[in-house]
Amino acid sequence: MKNTGTQKVWFITGASRGFGLEISKAVLAAGDKLIATVRSKPEDLAARLGNHAHLAVVTLDVTNEEQAKAAAKQAVDAFGRIDILVNNAGYGLLSGVEEATAREVKDNYEVNVFGLLNVTRAILPYMRAQGSGHVINISSVGGLFGYVGWGIYGSTKFAVEGITEAMAQELAPLGIYATVVAPGFFRTEFLDHSSLVKTGNEISDYAATVGEMRSFAATVNKKQPGDPVKLAQAFLKLGHAEKPPVHLPLGNDTLAKFREKIAAFEREIAEWHEVVTGTDHDDVAA
């Protein structure tokens, strides 16, 4: 059954801290219902959110597909439907591309990409059955623009961008929306040890690039321009929008970087225009 009222049922992964926690607080304060997931100690998060009557906290490791299916069923059993999925669970990896080990790369993808897909596959059948829903995937400014030291992490977010763009087209005829949100630098725990992995392998040749980024990350932590409380309010507007966008960059820093990339792309196309346009067969009309 479609949700014809204004109250929404949200399913948010990685709700114990950072964006997930702030969005969870905003959802409950707005009068919506919430299924919040954590990897362990669900009772701690429930207490932190005031043991709210509109709250159900479930245990979920997003890398475990069977757990994702069980969590989705628990959500529907608790509140009857899922209107909005927020794929928030993830973590950063600060490393030069060459420095990251195969294990570190695979682990980052397991959570940031494959975990997102596990949860999405678990919840979409319920959205398809009810003929409505909204999948919101959290990317990053690093999913729009490549940064020194963030190549691997950024590549997971580039993947999320592409996945969401395709999903938006596939789901539209079914009454379901998909949005990818790209936040810039916000004052969360993202640069803390709890959310950021720094590779053990450091190559001295990258000291002036990746090494400088490591130093910068340490000095900028908790001084980022973005306000997570305001971000949570933006998510509320997005969740309740009648026609949500496919892309939503958040933060002046994200917008500036996106425009910088587009301008650079246009310059390169102009410089290489003859090569760009010179690869079709001769019998293809220009």
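The model is predicted: local features need pLDDT of at least 70, side-chain atom pairs count only at pLDDT 80 or more, and totals for chains, interfaces and linings use all residues. Residues are numbered from 1 along each chain as its sequence is written, and side-chain values use heavy atoms, with hydrogens and water left out.

Start with the sheet. Strands of a sheet pair through backbone hydrogen bonds, either parallel or antiparallel. Here seven strands form an open sheet in the order β3-β2-β1-β4-β6-β7-β9, and the pairing is parallel. Strands (E, at least two residues) and helices (H or I, at least four) are DSSP runs, numbered from the N terminus. Two strands pair if DSSP finds at least two bridges between them. The edges belong to β3 (55–59) and β9 (247–250); each has a single partner strand, so one side of each is left without a neighbour in the sheet. From one strand to the next, the twist averages 20 degrees.

Now look at one pair. Strands β6 (residues 133–138) and β7 (residues 176–183) run parallel and are joined by six bridges. N137 stands opposite V180 in β7. Helix α7 (residues 228–239) packs on the sheet and touches β1 (9–12), β4 (84–87), β6, β7 and β9. Contact means heavy atoms within 4.5 Å. The direction of α7 makes about 150 degrees with that of β6. Axes are lines fitted to C-alpha atoms, for helices over the stretch in contact, and angles run from 0 to 180 degrees between N-to-C directions.

Next come two helices. Helix α3 (residues 65–79) packs with α4 at an angle of about 35 degrees, and their axes are 8 Å apart. The contact involves E65, A68, K69, A72, K73 and V76 of α3, and N118, V119, R121, A122, I123 and Y126 of α4. Seven of these residues are nonpolar, one is polar and four are charged. Ala, Val, Leu, Ile, Met, Phe, Trp, Tyr, Cys and Pro count as nonpolar, Asp, Glu, Lys and Arg as charged, and the others, Gly among them, as polar.

Last, the cavity. On a 1 Å grid over the protein atoms alone, a cavity is a set of points where a 1.4 Å probe fits but cannot get out; lining residues have an atom within 4 Å of a point. The count comes to one cavity of 30 Å³ or more. The largest cavity has a volume of about 40 Å³. Grid points are joined across faces, edges and corners, and a volume is the space filled by probe spheres set on the points. Helix α4 (residues 102–130) gives the largest share of the lining, three residues.

Note on methods:
On a 1 Å grid over the protein atoms alone, a cavity is a set of points where a 1.4 Å probe fits but cannot get out, and a pocket is an open set with protein on both sides within 12 Å along at least five of seven lines; lining residues have an atom within 4 Å of a point.
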